[in-house]
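Q: I have a structure open and would like to learn how to read it. Could you walk me through some of its features?

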Amino acid sequence: MTKSGKRKTAEWIQSVAKEYGKQAGSLSYLFCSDEKILEVNRHYLQHDFYTDIITFDYTEEDILAGDIIISVDTVHSNAEKFGTLFAEELNRVIIHGVLHLCGINDKTEDDAKRMREAEEKALQMLRTR
């Protein structure tokens, strides 16, 4: 990603956080393989399955902070599965982690619907930048 692309992404994340009354603080992204995310999932969460993202939340008050781990392999698979571009799916997962830090969950069906709506709203913000 170019310097201007990184800046655009950072500004987008900050804008999304602001929509939820938050400020993006220290956010760390690790892009890895399916095998690495499975290892993290097993070790830290005792979950024995692959996933596209794991978010560790260190947010204090309204300052977002966290480690966001993304499996590029699963993002690729999901892009193919859902018929989207890899970049679009990657942006969706990047902002998914931020939305978790903003307090949006996706455990129940209703929560998952709210998360998808929040993702779409955030992606629309990025498209119009």
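Predicted model: local features only at pLDDT ≥ 70, side-chain atom pairs only at ≥ 80, totals over all residues.

Q: In which sense do E1 and E3 pair, parallel or antiparallel?

A: Here the sense is parallel, and 8 bridges link E1 to E3, which covers residues 63-71. To find a spot on this pairing, look for Cys32, which stands opposite Ser71 in E3.

Q: What is the order of the strands in the sheet?

A: The order is E1-E3-E2, in an open sheet of 3 strands with mixed pairing. Strands E1 (23-32) and E2 (53-57) are the edge strands, each pairing on one side only. On average, and with direction ignored, neighbouring strands of this sheet are turned by 20 degrees against each other. While you trace a strand, remember a general rule: in a regular strand the side chains alternate between the two faces of the sheet.

Q: Which strands does helix H1 lie across?

A: Helix H1, residues 3-19, lies across E1 and E3 and runs at about 125 degrees to E1. Helix H2, made of residues 34-45, also packs on the sheet, where it touches E1, E2 and E3. The direction of H2 makes about 40 degrees with that of E2.

Q: Is Asn41 buried or exposed?

A: A residue counts as buried when its relative accessible area is under 20%. Asn41 has a value of 2%, so Asn41 is buried. You will find Asn41 in helix H2. Leaving aside residues up to four places away in sequence, Asn41 touches Gln46, His47, Phe49, Thr51 and Ile54.

Q: And what about Glu109, is that residue buried or exposed?

A: The cut-off for exposed is over 50% relative accessible area. Glu109 counts as exposed because its relative accessibility is 72%. Glu109 is found in helix H5.

Q: Which element gives the most to the lining of the largest pocket?

A: That is E2, with 3 residues. H2, E2 and helix H4 (86-101) each supply at least two residues of this lining. By class, the lining of the largest pocket has 4 nonpolar, 7 polar and 3 charged residues.

Q: How many residues of the lining of the second largest pocket are charged?

A: There are 7 charged residues, along with 3 nonpolar and 2 polar ones. This second largest pocket holds about 190 Å³ of space. Among the residues that line it are Asp52, Lys81, Glu89, Arg92 and Arg116. Helix H3 (72-82), H4 and helix H5 (109-127) each supply at least two residues of the lining. The largest share, 4 residues, comes from H4.

Q: How many cavities of 30 Å³ or more does a search of the whole structure find?

A: The search finds 1 such cavity. About 40 Å³ of space lies in this largest cavity. Its lining is made by Val16, Glu19, Tyr20, Ala118, Lys121, Ala122 and Met125. H1 and H5 are the elements that give two or more residues to that lining, and H5 gives the most, with 4 residues. By class, the lining of the largest cavity has 5 nonpolar, no polar and 2 charged residues.

Terms used: Residues numbered from 1 in each chain as written. Heavy atoms only, no water. Pairing = 2+ DSSP bridges. Axes fitted to C-alpha atoms, helices over the stretch in contact; angles between N-to-C directions. Contact = heavy atoms within 4.5 Å. Nonpolar A, V, L, I, M, F, W, Y, C, P; charged D, E, K, R; others polar. 1 Å grid on protein atoms, 1.4 Å probe; cavity = no way out; pocket = protein on both sides within 12 Å on 5 of 7 lines; lining within 4 Å. Points joined across faces, edges and corners; volume = space filled by probe spheres on them. Buried < 20%, exposed > 50% of the residue type's maximum accessible area, 1.4 Å probe, protein only.
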